[in-house]
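The sequence and structure are shown first.

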Amino acid sequence: MLIALLTDFGNRDWFVGVMKGVILKINPNVNVVDLSHEVAPQNVKEAGFILWNAYRFFPKGTIFVCVVDPTVGSDRKIIAVQTKEHIFIAPDNGILDFVLSEVEVLKSVYVENKSYFLENISTTFHGRDIFAPVAAYISRGVDLGELGEEASFRKPEGIFVEASTPGDYIGEVIYIDRFGNLITNIKPTADIDGEVKIKEYIIEKISKTYADVKSGQLLALIDSSGLLEIGVRNGNAKELTKADYGEKVFLKVKKI
Amino acid sequence: MLIALLTDFGNRDWFVGVMKGVILKINPNVNVVDLSHEVAPQNVKEAGFILWNAYRFFPKGTIFVCVVDPTVGSDRKIIAVQTKEHIFIAPDNGILDFVLSEVEVLKSVYVENKSYFLENISTTFHGRDIFAPVAAYISRGVDLGELGEEASFRKPEGIFVEASTPGDYIGEVIYIDRFGNLITNIKPTADIDGEVKIKEYIIEKISKTYADVKSGQLLALIDSSGLLEIGVRNGNAKELTKADYGEKVFLKVKKI
Amino acid sequence: MLIALLTDFGNRDWFVGVMKGVILKINPNVNVVDLSHEVAPQNVKEAGFILWNAYRFFPKGTIFVCVVDPTVGSDRKIIAVQTKEHIFIAPDNGILDFVLSEVEVLKSVYVENKSYFLENISTTFHGRDIFAPVAAYISRGVDLGELGEEASFRKPEGIFVEASTPGDYIGEVIYIDRFGNLITNIKPTADIDGEVKIKEYIIEKISKTYADVKSGQLLALIDSSGLLEIGVRNGNAKELTKADYGEKVFLKVKKI
């Protein structure tokens, strides 16, 4: 069994290490993998996007534990969601929206049964006291139905801007990666040709790969997750364009 | 078997990866978990505090390898300590003080037997040449008694300021986490009510959770490890107060 | 089986987590270890040096996956190299030069057989689509001969400046570690005594260990990998000397 962890806890403090200790105390045979712990503090959307890029590449049965939880200690609920391939445990704050927009949910419950929590529950560190032990018990075979009542669930919509026919599309930068690539929420559904505009920069065509342009040149391409991305060959598009999260991106699809 | 690593080696250089290689070469079946490698360089106290927050959540038998070692290459000794639940290997420089102040030591030895070291021992990288192989051999069943002579041992005192009855207590900021929370060495031994002062800021009561105050507001609470902590809801107390490590914190306990 | 990952992907994005997902989907029983993911973006030489410092400490049979790949998407080739002890998979861009300068290559092939890739291959993320699955299949027993044609191979030379007899040697800073130590490409082949010069600083002898000098003092020593290193006891040589990568270092060997 595999448990994948996604948090904004960083890698310096003891938060992630402790979660692993708790998990391995309950199930010494589970394999714990880090997805990321460097999500910007309390940035639920960023975490959701990281999860969306990753989840489909993980083995069937993987349990994803997602703890970006700005309202920990309030009465926000925790949900556990079973899909055909995976299980997700997360605060009920929208972190799963990217994933849930495209998968079929088989079961979805509120995590409420304290038998699967640590004995003393702090008000500030549910990653350790609730998320980790619940994930470990699930990895030992506990059924979602034992965790709590069925959760209300509405399929998220409008997550991506689908660009399938000629016309004008407006999206925005939703993630900037380590290399300074600007990833947008525009999702072409087929091979397209088009013109991309961000700030004062116009990119006249959509390239297949970075090697299509000269070193230092701005380009647009469909990235490895199928989204429109703006980058610079051997360079950094964030630094070149000074664009940040939320910057509008305009795509004119010419032909398919 | 589980080996947990705590160092100031960072995650960029090869230091941590090499330690894992050495361990897995000696015991391919051991599970190696990272506690933290981003301890501030040579900050023994910070490492000790991270360890204290984490150790009790790890499975029985976990071997903690702690390498924050400013005097590596000198004649400082290395100790291995067995408690009822765990084993700790560390330079004899105080890094274990937080933990040893509250656990019963069953056995404590100096690590001196070169049969359990790598063949060539550098003067600068004992993490690789001594700590990693010794931990791996212990995980394979080597008894602490085989490592060296019994170590002299004195229980550390005065680590925490216990606040159990009404009155005035003075502590200090001993750790600042990723979220900018200011963690103090004041340890209330029961539910208390009181007033907290740091720099020019007075916090009139001790909250149960972040959700008790408004966004952006400073608050004091008992953190997930039982220590008095000063934070800002959806904000950063370090940035707001400009307090740093060692800043004095005043607690007036009103009633229990 | 053990797979060790070395990339410039960082620990924030999903890139490394996804590679682990892909690997564990193909071989759930393999142990995946991080060597480093914080190589400076696209710095092939830095990655190669990290690998050289680490590889010989890993168990026999370890598969090293090295993805620092500035020309991904071009027609650059990927190679898989088998030595007596290990297997290396990397872009054919020189990343393996440090290692290959000192090991015997038993077999070396171009990675071309798409049966061992993911079904859809992006132009930008071969770490996920090619390197990870190929490594996983090798860990399941696939022979290198099945991956593609034999690769042309020339033993790299002049990687290190060997300093074995009295005389003058010129090398340079090739790596600066977390502690600010300046690591050079000068490799003394025996115990030497000598004088080291970097910028305006003259270090009159080669010390055995940091503890040989006073706190704050600059020193030269042979580091844990056998290379000439310049450091400051309880300090940071990069900050003190303002030296950077490529800074010339002069060694006058007096006697052996």
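In this predicted model, the contact between chain B and chain A takes 34 residues from chain B and 31 residues from chain A. The area buried between these two chains is about 2,500 Å². Carbon and sulfur atoms give 56% of that area. Between chain B and chain A, 14 residue pairs are in polar contact, both residues of each pair being at pLDDT 80 or more. On the side of chain B that touches chain A, the elements giving two or more residues are β2 (31–36), α2 (44–54) and β8 (167–176) of chain B. Sorted by class, that side has 17 nonpolar, nine polar and eight charged residues.

Two salt bridges are found across the interface of chain B and chain A. In one salt bridge between these chains, B:R178 pairs with A:E38, with 3.3 Å between the closest N and O atoms. A network of salt bridges links A:R12, A:D13 and B:E46. B:E46 is one of the buried residues of α2(B). That helix is mostly covered, with 10 of its 11 residues buried. Among the buried residues of α2(B) are also B:F49, B:I50, B:L51 and B:W52.

The contact between chain C and chain A takes 31 residues from chain C and 34 residues from chain A. Here the buried area is about 2,500 Å², of which carbon and sulfur atoms give 56%. Within chain C, the residues that lose the most area to chain A are C:R12, C:W14 and C:K25, which together make up 30% of what that side buries.

Polar contacts between chain C and chain A number 14 residue pairs, again with both residues at pLDDT 80 or more. Helix α1 (residues 15–26) of chain C supplies eight residues, the largest share of the side of chain C that touches chain A. By class, that side is made of 13 nonpolar, 11 polar and seven charged residues. Two salt bridges are found across the interface of chain C and chain A. A salt bridge between these chains joins A:R178 to C:E38, at 3.3 Å from N to O.

How do the copies relate to one another?

Over all chains, the structure holds 36 salt bridges. Side chains of opposite charge can pair when their charged atoms come close.

| Salt bridge | N to O distance |
|---|---|
| B:R178 and A:E38 | 3.3 Å |
| A:R178 and C:E38 | 3.3 Å |
| A:K238 and A:D244 | 3.9 Å |
| B:E102 and B:K187 | 3.7 Å |
| C:K20 and C:D34 | 3.0 Å |

Which parts of chain B does the pair of B:E102 and B:K187 link? B:E102 and B:K187 form a salt bridge whose closest N and O atoms are 3.7 Å apart. The pair links distant parts of the chain, 85 residues apart. B:E102 is in the loop between α3 (97–100) and β6 (105–110) of chain B, while B:K187 is in strand β10 (residues 186–188) of chain B. B:E102 has a relative accessibility of 32% and therefore counts as partly exposed.

In chain C, the side chains of C:K20 and C:D34 meet at 3.0 Å, N to O. C:K20 counts as buried because its relative accessibility is 7%, under the 20% limit. C:D34, at 21% relative accessibility, counts as partly exposed.

In chain A, A:K238 and A:D244 form a salt bridge with 3.9 Å between the closest N and O atoms. A:K238 is partly exposed, at a relative accessible area of 35%. A:D244 is also partly exposed, at 40%.

Notes
Residues are numbered from 1 along each chain as its sequence is written. Chains are lettered from A and ligands numbered from 1 in the order in which they are written. This is a predicted model: local features need pLDDT of at least 70, side-chain atom pairs count only at pLDDT 80 or more; totals for chains, interfaces and linings use all residues. Side-chain values use heavy atoms; hydrogens and water are left out. Contact means heavy atoms within 4.5 Å. Buried area is the accessible area (1.4 Å probe) that two parts lose on being put together, summed over both. A salt bridge is a side-chain nitrogen of Lys or Arg within 4 Å of a carboxyl oxygen of Asp or Glu. A polar contact is a pair of N or O atoms within 3.5 Å; within protein, one must be able to donate a hydrogen and the other to accept it, and residues adjacent in sequence count only if both atoms are side-chain atoms. Helices (H or I, at least four residues) and strands (E, at least two) are DSSP runs, numbered from the N terminus. Ala, Val, Leu, Ile, Met, Phe, Trp, Tyr, Cys and Pro count as nonpolar, Asp, Glu, Lys and Arg as charged, and the others, Gly among them, as polar. Buried means under 20% relative accessible area, exposed over 50%, partly exposed in between (1.4 Å probe, protein chains only).
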